[in-house]
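Trainee: I am new to this structure. Could we go through a few of its features one by one?

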Amino acid sequence: MRVFSCEDKFEAMMTCIYDAWNWALTNGHENVRLQREPIYQQSMFEEYEHVDADDEKVTKVIRSIRKQISDQAYLYVFYASLSCEEDALNAIYNFLRVGFAVGANVCSMYANPHVMRMMEIKRKIGNEAHYFREFARFSSLNNKVYVCHLEPKNNVIMIVGEHFADRMPSEHWMIIDDNRKFAVVHPKDEQNYIRYLTDVEMIALKNSEKYEDEYTDMWRTFFNAISIKQRENIACQRNMFPIWMRKHATEFTEKPE
Amino acid sequence: MNEIVKEYSTQEKLQILADAAKYDVACTSSGSDRKGQKGMLGNTRACGICHSFSADGRCISLLKILMTNHCVFDCKYCINRASNDIPRATFSPEEICQLTMEFYKRNYIEGLFLSSGVIRNPTYTMEKMCETLSLLRNKYKFNGYIHVKTIPGASDELLGMVGYLADRISVNLELPTAESLEKLAPNKSFNTILDPMEKVSNTIAANRLSIGKDARMERSNSNKYLSNSIFATGKYVETKATNGNNTNKLLLPTVKTDNIRKFAPAGQSTQMIIGATNETDYTLVRTTQKLYQDYDLKRVFYSAYIPINEDSALPSIDTAPPLLREHRLYQADWLLRFYGFKADELLSEEKPNFNEMVDPKCDWALRHLEVFPIDVQTASYDLLLRTPGIGPKSAGRIVSARRYGKLDFNSLKKMGVVLKRAHYFILCNGRQMYHTPIEEAYITRQLVATHGKENWEVAHQQTSYKQMSIFDYQEIGAMG
């Protein structure tokens, strides 16, 4: 068994798929496994090979997926590359094995376990992105810039950012992924871009969340007033708005003294 | 006598007017898909977006407020009735606009839900609401979702104006029969409710035709493949909208502007109170179906009656809200809109109320065991949809996946089929999942056992428990 490993970046993953496939052509697909780094524990009976991103190979992989399978399959692959699941990269590889064998129909072959796994991963990403479209909260810095902090499990803030680019095109805003330490920045009337943040910048931005104004207060008032006492159902609330997602939600954070 | 008038701050007003609006059920932001624009704020998504969930587990999607809770009407069930002694406040149009804009920019809400008590007279109230919406759309450049409640008795011109500004319009039916309405809402009449409802639905249809769409609202995709769903029959709306000499039933734009917006692109909805009067579920479901077919409503909402006022015409003040009944009605509503069922299939004159123990779909299946078991590999789409445990999504997945291979129970489970309900009714490769008889008594017993916990939870939402911890002893001590 040979394990191909790469960085947690889209380009690196595509290159990794290319190299693994290349090796598997002579050694068999069953003997390949793909994994994203870091690999904490290597096993004794497996060979490890690190792969670095290579633009030419990336283009080739993407072109083959779009031509020989479908654009939809490429979208699935892209979504899955954002996943935090341990086996996401391997799932992409297995999905592509089925995909290159059967073509465009692969996206509706739910009875195939590899396809089903891919669907599950893709669905998780889509769902989490939707959750944060709902639960992202911006705080306003002097009514000029709106800043939002998120800690998603999967790498979804780019997808979330797309939504807000359409929604608030004429505002300055940014969405920060606190764990992955990067931000989607949207200058007024311009396109989104991604910015990796240094530790100093992270510390400087940390306080932006604590910024309170009359509207944060009014939102808490509204949130409490709208609930009907006779129908109280905390379990349902917890199902719909899981506690781990409440960390940056204004209505669930106490007003600072 | 001199009245002491206290000037409330915006925050206090928000407290009073959100509290007064909370008994309105509809808080959906779905049905309208509109892209954002440079220089404006907001877009809308067809799926709707919830932004938070309050302690009662209901979603908060819109800034749901009353413009004022002053009211000249005296509807018995309503917290804001004229005879109640409660703090009263009124928002100015500017205040509402600013709140909406600032909340929207912080992603707290998806838009505005504006309702109101009747101040002075219906037309004056509606005029103020219209002014608010016009400010919000034209001055503040708000492009998000707006849901507006119309006031029964307001003039047609205002109704028309509001329709071109909002995404969704609703007229509350409140009670399903004219008798109950007369008993509990003496200032309203069935006519002042159904007449605007009809005009709005005609205008929506005509407006849709004029922009090249089908006269009827879009429905869930599953309805396209169902030949006998409630939406497949009844061309009522179309014939009325295309009937040219019927313009007095249409709301035409009164002001000429360069860019006329669509008329209520997300359609119209209504709401009924259940449990305040003694209608049966059969009446309610039949009324619902009629509203969908004849008025092409997008949604019908039910609201379990919560006793807030003491009155001889109302249930006593300590009545618990009929939450399980409300839940069953919503399940039935879904069966009408997504599953191709009809009201008469679910209930009948002889059996006018839903079974408390099992859901309406299981109930139907148990009364029609002659069609089961079905083989998932060959069963038709509408029969799959009628099987307990299979919904539109999983039925769609089954239909597309079975073209490429045999299905087994494991893959069905992955596709989202709820096997604990479905396995009594389906076959894979000619076999059942377990060796279970197709007998009504047996399956009923099994289903009641699996439903028991869910039903109890719906009916007893208030009781909540948490895991005991050894560090809780102080609280226990304090209680003892």
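Trainee: In which loop is the place of A:Pro38?
Mentor: This is a predicted model, in which local features need pLDDT of at least 70, side-chain atom pairs count only at pLDDT 80 or more, and totals for chains, interfaces and linings use all residues. Residues are numbered from 1 along each chain as its sequence is written, and chains are lettered from A and ligands numbered from 1 in the order in which they are written. Strands are DSSP runs of E, at least two residues, and helices runs of H or I, at least four, numbered from the N terminus. A:Pro38 is in the loop between β2 (32-36) and β3 (47-50) of chain A.

Trainee: Which residue does a cis peptide bond join to A:Pro38?
Mentor: Most peptide bonds are trans. Here omega is about 0 degrees, and the cis bond joins A:Pro38 to A:Glu37.

Trainee: Is A:Asn142 buried or exposed?
Mentor: A residue is buried if 20 or more other C-beta atoms, placed from the backbone, lie within 10 Å of its own, exposed if 12 or fewer, and partly exposed in between. A:Asn142, in the loop between β4 (139-141) and β5 (145-150) of chain A, has 7 other C-beta atoms within 10 Å, so A:Asn142 is exposed.

Trainee: What is the phi of A:Asn143?
Mentor: A:Asn143 is in the loop between β4 and β5 of chain A. Most residues other than glycine have a negative phi. A:Asn143 is not a glycine, yet its phi is positive, about 60 degrees.
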